[in-house]
Amino acid sequence: MELPFAEPYKIKVVEPLRRSTREEREAWISESSYNLFKLRSEQVFIDLLTDSGTSAMSHNQWSEMMLGDESYAGSASFFKLKEVINKMLGMPLFVPTHQGRAAENLLFSAMLRKGDLVPGNAHFDTTKGHIEFRNAIAVDCTIDEASDTGLYHPFKGNIDLEKLEKVLRENPREKIPLCLITITCNTSGGQPVSMKNIKEVSSLCKKYGIPVFFDAARFAENAYFIKTREEEYAARDIDEIVLEMFSYADGATMSSKKDAIVNIGGFLACRDEKLFERISMYCILYEGYLTYGGLAGRDLAAIAQGLKEGCSFDYLESRVKQVEYLGRLLKNYGVPIQEPTGGHAVFVDANKMLPHIPREEFQAQSLAVELYLEGGVRGVEIGALLADRDPKTRENRYPRLELLRLAIPRRVYTVNHIEYVAACLGNIYERRDSIRRGFKIVREAPIMRHFTVELERC
Ligand code: F0G
């Protein structure tokens with residue numbers, strides 16, 4: 001018989017989890033204004049809010065923490081990380097940042113002006129926030145297949161070349177400082193971008209003289225999908241695939257809280273020395289001196305080790321297969337999901353699951369609250385709440401998809417946890433017709449409202 005996959009690690013340290021009653025959860029979620037970000041972590045049993053900074057470090061990473069060099073300038077840990085970034089990503093220049101959005105801040109401070117356009121594939125919300133905060137526009141050129149959740153497409157993160165070329169052709173070169181490819185594309189479901197597409201986007205942008213940057217938060221998971229779904233790469237190592245992917249980019253922002261498997265950190269890498277000079281100025285201003293950039297030396301050392309572990313095939317296989325397993329269980333219960341499952345999360349199609357709740361009443365948020373009440377499981381809404389208001393008209397924006405994301409932290413939960421989560425959603429699916437009331441907003445921030453929004457039941 002074919003042997004099942006099993007995690008290539010064992011558990012050495014455990015953290016207790018507390019279960020709660022439905023009555024307790026009713027009270028806690030109401031006190032939190034039905035915003036799951038406002039819950040205290042001990043009020044959550046299984047936390048699938050995010051895979052960002054929530055993963056388990058290895059004993060080798062913890063050892064590296066002890067070896068961290070805390071010198072203000074010229075830290076040995078910086079050079080350790082620099083060597084890994086040079087070797088694994090082929091990027092000669094980089095500054096550390098305290099997390100991914102800080103790298104975005106430096107990049108856009110150095111490159112973006114009011115009225116500019118940044119084409120890409122469904123920019124992540126902080127990325128879009130940084131672009132719109134500067135009165136520039138994020139243009140989503142993702143392929144249409146990405147918004148048909150039931151349709152199988154191996155690379156739903158791909159950029160539609162015609163949509164991209166239209167933006168490049170119809171706007172002056174100086175209005176488009178860069179094109180941003182998010183690998184994997186979180187917003188469309190942790191969906192990968194094929195090497196073919198990366199290559200084509202890069203050569204199209206070259207033709208128009210536009211630099212290409214990666215939002216590389218989940219680059220290793222993207223490389224795994226290239227290896228397993230793009231035939232010509234089946235025999236190639238993850239390391240080789242990663243190096244080739246980055247060879248088509250002029251630079252990258254990175255949230256190390258994802259594929260570098262650390263609890264905090266990020267970086268901004270590039271090739272161009274002139275751009276690097278501008279970035280360096282903003283780094284010193286906003287983050288810190290160039291060899292620590294908002295992090296402790298020990299964090300830099302843990303990232304260096306985590307980048308290597310994050311690109312191991314055995315680790316990536318167990319990671320992606322755990323996500324896939326949750327997707328399979330949900331499908332068996334009839335729960336509609338974005339297919340195929342992505343690298344870091346399963347996305348439940350709330351519009352298909354709760355079609356009787358109007359979109360104005362936030363279907364995916366309603367499902368997120370139900371899931372919390374059912375079993376103390378915290379997911380996150382990726383729908384109309386997150387999509388915020390149009391910066392000009394201030395009208396609510398309704399994205400094509402209304403999703404509940406179940407993001408799986410790396411090396412944290414067991415198969416039993418996964419089965420528990422699936423059963424909770426299975427129960428909700430059974431009684432879905434009885435879930436009738438959505439939510440209305442009672443208080444919201446002017447930008448990135450989902451973090452602090454307060455809601456009431458309709
Ligand atoms: N880019 C992508 C694709 C992301 O998913 C994130 C964060 C960022 C940039 C920003 O990085 O958090 O280190 O500042 N995503 C987290 C999530 C928050 O839950 O998906 P950060």
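Here is a short walk through this structure, from the whole chain down to single residues.

The model is predicted, so local features need pLDDT of at least 70 and side-chain atom pairs count only at pLDDT 80 or more, while totals for chains, interfaces and linings use all residues. Residues are numbered from 1 along each chain as its sequence is written, and side-chain values use heavy atoms, with hydrogens and water left out.

Let's begin with the overall form. The C-alpha trace of the protein chain spans about 60 × 55 × 45 Å along its principal axes. The chain has 16 helices and 14 strands, which are DSSP runs (helices: H or I, at least four residues; strands: E, at least two) numbered from the N terminus.

Now look inside. Of the 458 residues, 59% are buried; that means under 20% relative accessible area, with exposed over 50% and partly exposed in between (1.4 Å probe, protein chains only). Val346, in strand β9 (residues 345-349), counts as buried because its relative accessibility is 0%. The C-alpha atoms of Val346 and Leu326 are separated by 7.2 Å, though these residues are 20 apart along the chain.

Finally, visit Asp250, in the loop between α9 (238-247) and β7 (251-255). Asp250 is partly exposed, because its relative accessible area is 34%.
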